[in-house]
Structures are given as structure tokens and as C-alpha cells.
Amino acid sequence: MQQIQRYAALDVLRGMTVAGMILVNNPGSWGHIFPPLKHAAWSGCTPTDLVFPFFLFVVGAAMAFSFAKYNDGLNALSIRKILKRGVLIFLVGLGLNAFPFCPVSPDPDMTWWENYLAYLDGIRIFGVLQRIALCYVLGGIIALAVRSMKGIALSMAVLILAHWAVLLVFGAGSDPFSLEGNISGRIDVALVGESHVYHGYGMPFDPEGLLGAISGSATVLLGYLAGMVIRKGGFSGSGSGTSVVADLYTMGMIVLGAGCVLGIWLPVNKPLWTGSYVLYAGGWTILMLAFFIYFIDIKGKVRFFTPFRALGMNPLFAFVMAGLFAKIFGRIIRWETADGVVSLSGWFYRNCCVSIFGNNEYASLMYALIYVAIFIAMAMVLYRKRIIIKL
């Protein structure tokens, strides 16, 4: 079995992405957020909308190295390991949604069993880790089955076109890409029920639903393609670091441009994970990866990025712990005050962040940055002890 090289640039980019995910998911106040840290209302793309596809892309890029142990081929062993890891990641995500596994504020007019059944009926099935799991399985099997760079590029195109066709053909009303008219939300409601999907858009629609896993797998394959470019030493196979960076910059500009052009007909839309969004976000990710490879792996500036590298070497641990902390300190540890019920995180935000900056965007951002710093500190401890937690 061949030795797999670990690229610091991939770890750093993954770590920065995880930090971004924690940052945008945990503001001090949802009513006070700087515009770049908000998701687009529907179509369009803010910096926050780039965070998740960055991570899926890096999943694919890392696969190009880790799958080398299978000699880039699909067999019973590789399928079993891909499926096992995908199922475990999905279950971790489902467990994170279900935590604390019982109602925190039960209805006094209902029995314990009635409260528990009501709690189970409201658990969201899909989520970020579930989307990663589905895309990892589908993208990984396709990558090992196809093997060649041209075949992977063609597979990406097929996935994007298939997803586009389903949205277009089965969408309702005059706009099949709208919140009300898309088929994606209706598929999820039909599969798992209205009470088990996300309701943040004012209606049952899950931005990490099943249909988006098709186009999400194209994001993984795009990352895999970039990973193969790095592994093989660029398109020419010369092995020169600068030639790899140049090839990635060229690839990134082409993919980004293709996303902008495709966006004329197919809106750039994160909730639907449209093909134009795959290419637009993927182009930016490739450019960012090329930048980090140049400064970190070629110029050797890795020590400046050590905190993010530490976070990127334990991304699952950091993401899951961030989700658990948010629930524990935001929903579980609560007490009565003269002004009503307050959580521990709410108390900290009011008495530390707001007291310094006032109840505004700066206070909200400071809270989010402190929250990120906590998990970077945890990751640094694991990094110094050379502990990597993975499934």
C-alpha cells in the first residue's frame, strides 16, 4: 500500500472553512449580523454561501489522495469502506439534530411519553453532515468507477445537467427555481414528512435535502479533479509546484467563468445547490486552494496558518462540538431571571459582548469570534498531541 502525502494547504483550507461554518452558525444575535455573514435570501451568493461548498470541495480533493490506497479502482473493499464512512457521518449528523434526545421544555399538560413522541416528530432528518455523507458516497463511488480526469469532468456535467433537468421538468408554477415552485422541497416532504425538514424559509423546505445531493456530488467531484491535478503534478505531469499552481489558477478561472455564464439561464442558488452554484463556488475554491498551495506548500509559510491547520485536521470533532456547545449553552443551561428565561450563552452575550460594543453587529461578531477561538484552542491541543479524530 503506497504512502499518502498530506498537503498542508488542504488542511488549512479545510480548517478555515470549518472556522467559517462555526462563525456564521453562531452569531451573538441573529438580528444583528453584518451582511457578508448572512446567506442570500434565495438566489445569489454572499461570502457565507461559499463556506459549505468550500468544505465539500475539500472533501473531494482529499479523496484524490486517500483513495490512492485503492489504486484508484472500485472494488468490494472500497465500496464497503465508502458506504461505512458515509453511514457513520450521516448518523453523527442525525444524532446532532436529535441531541439532547429528549424534550428540554416539556408540555406540562402532556404525559412524558406524549412529550417524547412530539419531540421525535420534530427532529430534522437532513443537515450539513448528512449532505456531506450522501455526496461523499455518491461522489466517491463515481470517482473510483470512472478513474480518468476526463471521465470525472464528464460525470460532473452529467450530474449538473440531471439535477437541472429534474428542477426544470418537475418544478411547479412559472418559476421552477423559486422557493414555492421547486421540486426539491416537495421530494423531502414526501420522503420524511413536513415535520422533519427545515422551516427557516417560512415553509417546509430543506436546503440540505436529498435532491441537492446530486449536484453536491458534482462539487465533490470537482474537488477530486483538482486533487488529481495536484497529485499528478499538473496537467502536464511535470510535478513542478509552480506548474500545479498555474494549472489550478487556470482551472479555477475557467470554472468560475463557466458558473457566471451558466447563471444566465440557471440561477446561482445555494438552497437548491444549482449547477451554476457548483461551478461559481467551485471556481473560487480552486483559486483559494492554489493560493494556499503556493504560500504554504511551496513557500513554506505553514506556521502562520497553524491554528487553521489544527482545525482542519480535526474538522468533524470541531463541527460536532460546536453544534453540541450551541445546544447545551444556548438551550439546555437556562435559568429564570426578572426579565424572563436566559441561557448561558445569552447571558455571556449580554454581559460581555453587548456591554463593550452595544447591541449591534460588532457585539454579535465578537461573540462569534470568541466561539470560533474556543474550538481552535481545542483543536490546537489535539494537534500538539498529534491526535486526529476521524470516522
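User: What joins the side chains of histidine 39 and aspartate 49?
Analyst: A polar contact of 2.7 Å. Polar contact here means a pair of N or O atoms within 3.5 Å; within protein, one must be able to donate a hydrogen and the other to accept it, and residues adjacent in sequence count only if both atoms are side-chain atoms. The model is predicted: local features need pLDDT of at least 70, side-chain atom pairs count only at pLDDT 80 or more, and totals for chains, interfaces and linings use all residues. Residues are numbered from 1 along each chain as its sequence is written, and side-chain values use heavy atoms, with hydrogens and water left out.

User: Where does histidine 39 lie?
Analyst: In the loop between H1 and H2. Helices are DSSP runs (H or I, at least four residues), numbered from the N terminus.

User: What is histidine 39 in contact with, leaving aside neighbours within four places in sequence?
Analyst: Thr46, Thr48, Asp49 and Lys270. Contact means heavy atoms within 4.5 Å.

User: Changing topic: how many residues does H14 have, and what is its reach?
Analyst: Helix H14 covers residues 361-384, 24 residues in total, and reaches 34 Å from its first C-alpha to its last, close to the 34 Å expected. The expected span is 1.5 Å times one less than the number of residues.

User: What happens at the start of H14?
Analyst: A side-chain oxygen of asparagine 360 comes to within 3.1 Å of the backbone nitrogen of tyrosine 362. Just after H14, arginine 386 has a positive phi of about 60°.

User: Which helices do the buried residues of H14 pack against?
Analyst: H1, H11, H12 and helix H13 (344-357). Among the buried residues of H14 are Tyr367, Phe375 and Met380.

User: What is the volume of the largest cavity?
Analyst: About 70 Å³. On a 1 Å grid over the protein atoms alone, a cavity is a set of points where a 1.4 Å probe fits but cannot get out, and lining residues have an atom within 4 Å of a point. Grid points are joined across faces, edges and corners, and a volume is the space filled by probe spheres set on the points.

User: Which helix gives the most to the lining of the largest cavity?
Analyst: H14, with four residues. The lining includes Glu361, Ser364, Leu365 and Ala368.

Key:
Helices (H or I, at least four residues) and strands (E, at least two) are DSSP runs, numbered from the N terminus. Buried means under 20% relative accessible area, exposed over 50%, partly exposed in between (1.4 Å probe, protein chains only). On a 1 Å grid over the protein atoms alone, a cavity is a set of points where a 1.4 Å probe fits but cannot get out, and a pocket is an open set with protein on both sides within 12 Å along at least five of seven lines; lining residues have an atom within 4 Å of a point.
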